[in-house]
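Before reading on, please take a moment to look at the chain as a whole and then at its parts.

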Amino acid sequence: MKKLMNGPNITALTRIAALGALAFLGVNVSPAYAATLSRSVDVSGTPSAVWSMIGPFCAIKDWLPPVGTCTEKEGSPPERTLVTKDGKATFVEALTARSDVEHSYSYTFKSSPLPVTGYASTIKVLAKAPGVSTVTWSSTYIPDLGKEQDAREALTGIYEAGLATIKAKFAK
């Protein structure tokens, strides 16, 4: 046993123990990771016609069913505050990019009841065929630890409800 406890062996054992401790910690602590989500719908209408209905920053109250009110605040960047119809949830969002020519805008959450951080989203309208446009709503976000499925389900429900309403408004 004395032979094993010499200098080089102690150093090697210390390194192995340290690596084992790091491996153990790594198993119990999950790093945050970015998730993505994208949903699209084809609608009957030109990109300009669709954009004129959904493009204004607070027009979201007209096509996202849970939203009861939208209040815009001028500034740099402009913000909107969304309150659900039942008054139980409030979202504060900042406009980060906008192009009326490309029929798109991007925004981030400043505050939200959803279990996410680092949320950044874009809504865009592209021509698909004559008289048909594709509306795409996409995002990246970091779900709260242990709430990954809740975050994805909540955002998917929001996106699909909004896109279904847009499609219905342009149905022929």
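## Terms and basis

Helices (H or I, at least four residues) and strands (E, at least two) are DSSP runs, numbered from the N terminus, and two strands pair if DSSP finds at least two bridges between them. This is a predicted model, in which local features need pLDDT of at least 70 and side-chain atom pairs count only at pLDDT 80 or more, while totals for chains, interfaces and linings use all residues. Residues are numbered from 1 along each chain as its sequence is written, and side-chain values use heavy atoms, with hydrogens and water left out.

## The chain as a whole

The secondary structure of the chain comes to four helices and seven strands, and along the sequence these follow the pattern α-β-α-α-β-β-β-β-β-β-α. Of the 172 residues, 34% count as buried, where buried means under 20% relative accessible area, exposed means over 50%, and partly exposed lies in between (1.4 Å probe, protein chains only).

Among contacts between residues at least 6 apart in sequence, 49% join residues at least 24 apart; a contact here means heavy atoms within 4.5 Å. The accessible surface of the chain is about 10,100 Å², and 62% of this belongs to carbon and sulfur atoms; the areas come from the Shrake-Rupley method with a 1.4 Å probe, and for residues only the protein chains shown count as cover.

## The sheet and the helices on it

In which order do the seven strands of the open sheet stand? The order is β1-β7-β6-β5-β4-β3-β2, and the pairing is antiparallel. Because β1 (35–44) and β2 stand at the edges with a single partner strand each, one side of each is left without a neighbour in the sheet. Neighbouring strands of this sheet are turned by 20° against each other on average, direction ignored; for such angles, axes are lines fitted to C-alpha atoms, for helices over the stretch in contact, and angles run from 0 to 180 degrees between N-to-C directions.

Helix α2 (residues 47–54) packs on the sheet, where it touches β1, β4, β5 (104–111), β6 (116–129) and β7 (132–143), and its direction makes about 145° with that of β6. Helix α4 (residues 148–169) lies across β1, β6 and β7, and runs at about 15° to β1.

Strand β2 (residues 67–73) and strand β3 (residues 79–84) run antiparallel and are joined by six bridges. Within this pair, Thr-71 has Thr-81 as its bridge partner in β3, and Glu-72 stands opposite Arg-80. The two strands form a hairpin with five residues between them, and Gly-75 in the turn has a positive phi of about 155°.

Strand β3 is also joined to strand β4 (residues 90–99) by five bridges, again with the strands running antiparallel. Here Glu-79 has Ala-94 as its bridge partner, and Val-83 has Thr-90. The hairpin of β3 and β4 has five residues between the strands, and Gly-87 takes a positive phi near 75°.

## Single residues in loops and strands

Most residues other than glycine have a negative phi, and most peptide bonds are trans. A cis peptide bond, with omega of about 5°, joins Ser-76 and Pro-77. Pro-77 lies in the loop between β2 and β3 and is partly exposed, with a relative accessible area of 40%. Leaving aside neighbours within four places in sequence, Pro-77 is in contact with Ala-94 and Leu-95.

His-103, in the loop between β4 and β5, has a positive phi of about 55° although it is not a glycine. Is His-103 buried or exposed? His-103 is buried, with a relative accessible area of 14%. Thr-84, which lies in strand β3, is buried as well, with a relative accessible area of 16%. Not counting residues up to four places away in sequence, Thr-84 touches Pro-66, Val-67, Gly-68, Ala-89 and Phe-91.
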